[in-house]
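Hello,

I am passing a structure on to you, with some notes on what turned up in it. Please have a look at it first and then read on.

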Amino acid sequence: MHFADLGDIRVHYDDRGPQDGPAVVFANALGTDFRIWDGVIAHLPGGLRLIRYDMRGHGLTTCPEAPYYMGDLVNDAAKLMEHLGVKDAVFVGLSIGGMIAQGLAAERLDLLRAIVLSNTAAKIGTHQMWHDRVHAVRDGGIEAVADAKLERWFARTTRAERPQLVSGIRAMLTRQPVEGYIGCLEAIGETDLVESTARLRLATLGIAASEDGSTPPDLVRETIESIPGSKFHLIRRAGHLACVEAPAEYAAALEGFLREVGQIA
Ligand SMILES: O=C(O)CC1=CCC(=O)O1
């Protein structure tokens, strides 16, 4: 187990593979911890340095009081990369993790070779929607929003045929600290990256999933198409947490992109 003290938080992270290997950094979705990447990293070839971390208020990372801002989340990622001496990385972010990737590319291009924007967008939902969610969670805990969220996170067939996976992820979601979850809800509600993301000029892969009820494929595509030269991959029969539901296909798309950008020889 690894922890890093980075200003106001102690970050829980995992750092595996050769320390001098080409780096890939993974950032999670709201309400999850870095185990959502277990299946994907198991399918990636050796030789890569694979870094995952729990964002503030999630997993075993400490949980400052809400609200959080996207700038905090982007700084946390940059500080962790600096702490670990990681440069020239491919940064893979899912959902709010993909917003962190966009913010990092806008602010700290020096740390990056390329980004993967997975099940995300430059702006997700409306301010009112996130504000309402904050109130629902303040009143009833994460439990109050969990079932609706699982419908957006998993495809219909997965919910019917893989109950262990779905209930395991439900446990991950409902065990996150309420304050950390609310802090990140507030950060998403305040974030609009449309203009800064359209100015990005770095290699970008977008990943979307056909049954994603949180960031549907057209929304992901709109953001991806705003970045010149970007690529897009659609995973069928998967929802918002495509990396959990379809790790082999997800890893294959990622591996292809890592080869294209020279992160794998
Ligand atoms: O909460 C959701 O359903 C979707 C979501 C948006 C940002 C994130 O990380 O998850």
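How far is an oxygen atom of the ligand from a polar backbone atom of Leu 30? The distance is 2.8 Å. Before the rest, please bear in mind that this is a predicted model, in which local features need pLDDT of at least 70, side-chain atom pairs count only at pLDDT 80 or more, and totals for chains, interfaces and linings use all residues. Residues are numbered from 1 along each chain as its sequence is written, and side-chain values use heavy atoms, with hydrogens and water left out.

Let me stay with the ligand for a moment. Around the ligand (a heavy atom within 4 Å) are Ala 29, Leu 30, Ser 95, Ile 96, Trp 130, Arg 133, Lys 149, Arg 152, Ile 188, Ser 214 and His 240. Lys 149 places a polar side-chain atom 2.5 Å from a ligand oxygen. For Ser 214, an N or O atom of the side chain is 2.8 Å from an oxygen atom of the ligand.

Ser 95 has another feature to look at. Its phi is positive, about 65°, although Ser 95 is not a glycine. You will find Ser 95 in the loop between β5 (89-94) and α3 (96-107); helices (H or I, at least four residues) and strands (E, at least two) are DSSP runs, numbered from the N terminus. The peptide bond from Ala 66 to Pro 67 is cis, with omega near 5°, and Pro 67 sits in the loop between β4 (49-53) and α2 (70-83). For background, most residues other than glycine have a negative phi, and most peptide bonds are trans.

Now to the helices. The axes of α2 and α3 come within 9 Å and cross at roughly 75° (axes are lines fitted to C-alpha atoms, for helices over the stretch in contact, and angles run from 0 to 180 degrees between N-to-C directions). That makes α2 roughly perpendicular to α3; angles under 35 degrees count as roughly parallel, over 145 as roughly antiparallel, 65 to 115 as roughly perpendicular and the rest as oblique. On the α2 side, Met 70, Leu 73, Val 74, Ala 77, Ala 78 and Met 81 are in contact (heavy atoms within 4.5 Å) with Ile 96, Met 99, Ile 100, Gly 103 and Leu 104 of α3. By class, this contact has 10 nonpolar, 1 polar and no charged residues (Ala, Val, Leu, Ile, Met, Phe, Trp, Tyr, Cys and Pro count as nonpolar, Asp, Glu, Lys and Arg as charged, and the others, Gly among them, as polar).

Helix α4 (residues 127-140) and helix α8 (residues 178-189) have axes that come within 8 Å and cross at roughly 170°. The two are therefore roughly antiparallel. Their contact includes Trp 130 and Arg 133 of α4 and Ile 188 of α8, and by class it has 8 nonpolar, 2 polar and 4 charged residues.

Finally, helix α5 (residues 143-153) and helix α7 (residues 163-174) pack at about 135°, with axes 10 Å apart. That makes α5 oblique to α7. Among the residues that meet there are Lys 149 and Trp 153 of α5 and Ile 169 and Leu 173 of α7.

Happy exploring!

Notes:
A polar contact is a pair of N or O atoms within 3.5 Å; within protein, one must be able to donate a hydrogen and the other to accept it, and residues adjacent in sequence count only if both atoms are side-chain atoms.
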